[in-house]
Amino acid sequence: MSAVQYEITFDDISAHLLTLSLRFEPCSAVHQLTLPAWIPGSYLVRNFARHIVNINAYDADGELHLEQRDKQSWQLSCGQQPVTVTYQVYANDLSVRAAYVDDELAVLNPACLCLNVSEMTAQPHSLTLHKPTDLRCAAWRVATAMPKATHTAPLDFGCYQADNYDHLIDSPLLVGIFNVQQFNLDGVPHYVVVSGHNLFDEARLTADVAKLCQVQRDVFGALPQNLDQYWFLLWVTEQGYGGLEHKFSTLLLCNRYDLPAVQQTELTEAYQNLLGLFSHEYFHTWWVKRLKPQCFTPYVLDKEQYSRQLWLYEGFTSYFDDLALVKSGIIEQSRYLTVLEKLITRVSRNPSDSQQSLTDSSFTAWTKFYLQDENAVNSVVSYYAKGALVALLLEAELQSKGLNLAAFCRQLYQQHVATGTSDNAIFEQLIAWQLPELAAQLTGWINEAKPLPLAATLGKLGLTLTQRAPSSFSDLAGESSKVVPASLGCSLKTTAQGVFIQQLYWGSAAHQAGLMSGDQLVALGGYKISETSLTELMLRLPLGSVQPLFIFRKDRLLELALPIQQAAPAVAMLNVANEVTVKHWLSS
């Protein structure tokens, strides 16, 4: 029998309420009960305990003294008899990091539900899930990588067992109505679970995911030794996108129409992005869930835990996720180059590219990357996107020397999986590979707040990189024959009330005119501004002129002077200069 036992009851689905019971035999007169403040893989303090509605503790003699000590922990005074703690949790968070329940499904992350009992973290834990009595839930089942007890049937409600608390909170559950498909890789069963009733091509999705898993397995040479099963838990909803990695599973979120339609032969951009998400989270099976920064061993879940290596773990994963799409044959070479063009454009057009280094972006993820505001384009570098470009540059340099990044990552994994990587581990391996100059280059790429030498380096992969002015804010890739209008240098939001400034780029025409985020654009050059007229006005007004711009700033009407000027070249265009070199890279 597990030392620590939890039960979850679906108390009131309409109110999004879960009731939890925690039972254990105390080994001390005082125990601390603590809920994590954050969940591994998502670097933001989320204060899960705020969703606890009420909490009480008792034993056979009656109620016990339970005192809240801070935002996420309680001190329990107990005797020698078994203790029961009961509490309600409000579960209405539409994300892969927390808990949610409605009449179609429940998404349960034990990290935000199950209180940790001090001094018992390393002991076996169990979680018993009771089927809802609500008739709307009659067809509900349970999908999770958490091992079931022998008396619990597959995909059924009942008892699930974890080796310890860390194992428990790393095992999300998708409960409700779902479809499940299976494929095997190296004899290990992989399950693709898709929530809800959806009109989609199940066989195609499963086959494509299987191809991606094979490519990612080949990067590391083998599946992890202790991987005996893997679950893709896909939560399908009206609008959403994201994923969070776990050791034996991943919890994913997507839009219903991201899924491929039956008899749909073309690859839509939405489905391509969804496959990229599957690929990304599966790569994490090695690269974060087993090999991780040394400072995350062990995880400390009651406060921020800082690392300067997120560019390495999320950035490299972001490089290999889309690379797997082309290596698996799901997309062709030209489509992959378009993916890279968009990646380069998104990074290089932002002023933040010259304001924050990748190591600083990693370190401040807790307060900046995960808490972005309208000024983020000017101040926050994405360690996902720019980290992926660093991986691309490393690939180019290694390929030019007859090596490749996959072999490099494989060796880094093998050498450090038991201990984690120090901040110097990647440089030490480059030096061990007799590449001290590349180690020095990499030091600059990640520690300096400046653009990467993309054009100079991508030639080693057989590519040429040029840039042109964008024809619109959403113009991110490739050649274009469109006439390029003048540029405001900001993103816009159109509502029934009008056109508003969202993100304002430092140094842009809008910035020079004195515009601010939130301003409503009213008239330019004597003409009313609408979503369609603004583009036409920016195309027709003379370049080099300064035009009167009327705006509302809150409830004040202001007149500004807007310089009409062309946008700087920022849209990436990749062309193949050496087909043999490119094909070698994309097939090695």
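**Entry 1: Ser474.** I began with Ser474, which counts as exposed at 61% relative accessibility. I located Ser474 in the loop between β21 (463-468) and β22. I then looked up its spacing to Ser491: the two residues are 17 apart in sequence, and their C-alpha atoms are 9.1 Å apart in space. I note here that the model under study is a predicted one.

**Entry 2: the nonpolar cores.** I looked up the largest nonpolar core and found that it has 175 residues. Phe10 and Trp585 are the residues with the most contacts inside this core. Helix α4, residues 310-327, gives the most to the core, with 11 residues. Apart from this core lies another, of 22 residues, which includes Cys490, Leu504, Leu537 and Met538.

**Entry 3: Trp585.** I listed the contacts of Trp585, leaving aside neighbours within four places in sequence. Trp585 is in contact with Tyr319, Leu323, Lys327, Tyr336 and Leu340, and also with Leu392, Glu395, Gln399, Leu461 and Leu463.

**Entry 4: α4 against α15.** I next examined how α4 packs on helix α15, residues 579-587. The angle is about 105 degrees and the axes are 9 Å apart. The two helices are therefore roughly perpendicular. On the α4 side the contact is made by Tyr319, Leu323, Val326 and Lys327, and on the α15 side by Trp585, Leu586 and Ser587. Sorted by class, this contact has five nonpolar residues, one polar and one charged.

**Entry 5: α5 against α15.** In α5, the residues Gln333, Tyr336 and Leu340 meet Glu579, Val582, Lys583, Trp585 and Leu586 of α15. By class, the contact of α5 with α15 has five nonpolar, one polar and two charged residues. I note that Trp585 is named in the contact of α15 with α4 and is named in that with α5.

**Entry 6: Ser318.** I placed Ser318 in helix α4. At 16% relative accessibility, Ser318 counts as buried, the limit for this being under 20%. Not counting residues up to four places away in sequence, Ser318 touches His280, Tyr384 and Ala388.

**Entry 7: helix α14.** I asked which residues of α14, residues 531-540, are buried. They are Ser533, Leu534, Leu537 and Met538. These four cover an arc of only 135 degrees around the axis, which puts them on the same side of α14. An α-helix has 3.6 residues a turn, so residues three or four places apart point the same way. The face turned away from the buried side of α14 carries the exposed residues Thr532 and Arg540. I then looked up what the buried residues of α14 pack against, and found β22 (490-495), β24 (520-524), β25 (527-528) and β27 (556-563).

**Entry 8: the loop between α3 and α4.** I found two points to record in this loop. Pro298 has its place between α3 (269-283) and α4, and the peptide bond from Thr297 to Pro298 is cis, with omega near 0 degrees. Leu301 also lies in the loop between α3 and α4. At 15% relative accessibility, Leu301 counts as buried. Leu301 touches Pro36, Ala37, Trp38, Pro40, Gln72 and Ile169, not counting residues up to four places away in sequence. I also checked Leu301 against Val45: the pair is 256 residues apart along the chain, and the C-alpha atoms are separated by 8.9 Å.

**Entry 9: positive phi.** I looked up two residues with positive phi. Gln434 has a phi of about 65 degrees although it is not a glycine. Gln434 is in the loop between α10 (425-432) and α11 (436-447), and at 66% relative accessibility Gln434 counts as exposed. Lys554 is likewise not a glycine and has a positive phi of about 60 degrees. The place of Lys554 is the loop between β26 (546-553) and β27. At 80% relative accessibility, Lys554 counts as exposed.

Conventions: Residues are numbered from 1 along each chain as its sequence is written. This is a predicted model: local features need pLDDT of at least 70, side-chain atom pairs count only at pLDDT 80 or more; totals for chains, interfaces and linings use all residues. Side-chain values use heavy atoms; hydrogens and water are left out. A nonpolar core is a set of buried Ala, Val, Leu, Ile, Met, Phe, Trp, Tyr and Cys residues joined through side-chain atoms within 4.5 Å. Buried means under 20% relative accessible area, exposed over 50%, partly exposed in between (1.4 Å probe, protein chains only). Contact means heavy atoms within 4.5 Å. The arc is that of the directions from the helix axis to the C-beta atoms. Axes are lines fitted to C-alpha atoms, for helices over the stretch in contact, and angles run from 0 to 180 degrees between N-to-C directions. Angles under 35 degrees count as roughly parallel, over 145 as roughly antiparallel, 65 to 115 as roughly perpendicular and the rest as oblique. Ala, Val, Leu, Ile, Met, Phe, Trp, Tyr, Cys and Pro count as nonpolar, Asp, Glu, Lys and Arg as charged, and the others, Gly among them, as polar.
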